[in-house]
Amino acid sequence: MTTNLPGFTDVHAVLFDLDGTLIDSAPDLGAAADLMRTSRGLPPIAMSAYRSMAGAGARGMLGVAFGMTSDHPDYNTLREEFFVNYEQRLTQDTLIFPGVADMLGKLVQQGTPWGVVTNKAERFTLPLTQAMPLFASAGAIVSGDTTAHAKPHPLPLLEAARRLNVAPERCVYVGDDERDIVAGLAAGMRTVAATYGYLGQKSDISQWGAHATINSAHELLQLIAAD
């Protein structure tokens, strides 16, 4: 069930987070981290343990795999090992969330441009999106290192709006992590929390301050009234 508030008219563009919002990349992220365990003779960890932290990238995956935080002296070395593993399987088991392809197709049909704003580095974002036909119609793809700041800073969202030539206040941003909503609000956009995503460690979505929540990709279309 969607939660709708006034103001979802005059939508000229929709922006999305990537992992946990458009695609389910947890299987490949988790497998890349778990390979590091098994290659060291450690037992594998269930994918369900990796899943909730998939939106946190290397930091989340290494935290699950080894209980490691970013201040560990070996963190940078293991992070690069994780990156290499992940690069070798970017789209091997990654799936598009149910309803996403149809929802994006309808946005395109009605002439509403869309784009991606992710904290994933260009090193991974560009080859991944180029390999998946889903992203052929995206008008903007902004990665975590495209601008000087990553989310929750609003700059990446503002850059995506600029590339689409749409005023931020006429954009909607959809994401599955609190930082997505923080960034969207700071950018002056209307925000939608995707409850079907990874949600991160703080999963009380009601506390995020999003303008609306959706439980499936299809529900987004119900929030956007045609002018």
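Visitor: Is D74 buried, exposed or partly exposed in this structure?
Guide: This is a predicted model, so take what follows as computed from that model. D74 is found in the loop between α3 (57-66) and α4. Its relative accessible area is 41%, and the in-between class runs from 20% to 50%. That makes D74 partly exposed.

Visitor: How far apart in space are D74 and T94?
Guide: In sequence, 20 residues separate D74 and T94. From C-alpha to C-alpha, the distance in space is 28 Å.

Visitor: What kind of ring pair do F82 and Y86 make?
Guide: Both residues sit in helix α4 (residues 75-87), four residues apart, about one turn of the helix. F82 and Y86 are both buried. Their ring centres are 6.2 Å apart and their planes meet at 5 degrees. Planes under 30 degrees apart count as stacked, so the pair is stacked.

Visitor: And what kind of pair do F97 and Y196 make?
Guide: Here the ring centres are 5.2 Å apart, with the planes at 65 degrees. The cut-off for this class is over 60 degrees, so F97 and Y196 are edge-to-face.

Visitor: Which residues do ring pairs link into a cluster?
Guide: Searching the whole structure turns up eight aromatic pairs. Ring pairs join up a cluster made of F82, F83, Y86 and F124.

Visitor: How are α4 and α6 arranged: roughly parallel or roughly antiparallel?
Guide: The axes of α4 and helix α6 (residues 122-131) come within 11 Å and cross at roughly 5 degrees. Angles under 35 degrees fall in one class, so α4 and α6 are roughly parallel.

Visitor: Which residues of α6 make the contact with α4, and how many charged residues does the contact have?
Guide: On the α4 side, the contact uses E80, F83, V84, Y86 and E87. On the α6 side, the residues are R123, F124 and L128. By class, there are five nonpolar residues, no polar ones, and the charged count is three.

Visitor: Is S25 buried or exposed?
Guide: S25 lies in the loop between β2 and α1. Leaving out residues up to four places away in sequence, S25 touches D19, Y86, T94, K120 and Y198. Its relative accessibility is 0%, so S25 is buried.

Visitor: Is the peptide bond from K151 to P152 cis or trans?
Guide: P152 lies in the loop between β5 (140-142) and α7 (155-164). Most peptide bonds are trans. The bond from K151 to P152 has omega near 20 degrees, and it is cis.

Visitor: Is N165 buried or exposed, and what is its phi?
Guide: N165 is found in the loop between α7 and β6 (171-175). At 72% relative accessibility, N165 counts as exposed. Most residues other than glycine have a negative phi. N165 is not a glycine, yet its phi is positive, about 60 degrees.

Conventions:
Residues numbered from 1 in each chain as written. Predicted model: local features only at pLDDT ≥ 70, side-chain atom pairs only at ≥ 80, totals over all residues. Heavy atoms only, no water. Phe/Tyr/Trp six-rings, centres within 6.5 Å; stacked < 30°, edge-to-face > 60°. Helix = DSSP H or I, 4+ residues; strand = E, 2+ residues; numbered from the N terminus. Buried < 20%, exposed > 50% of the residue type's maximum accessible area, 1.4 Å probe, protein only. Axes fitted to C-alpha atoms, helices over the stretch in contact; angles between N-to-C directions. Parallel < 35°, antiparallel > 145°, perpendicular 65-115°, else oblique. Contact = heavy atoms within 4.5 Å. Nonpolar A, V, L, I, M, F, W, Y, C, P; charged D, E, K, R; others polar.
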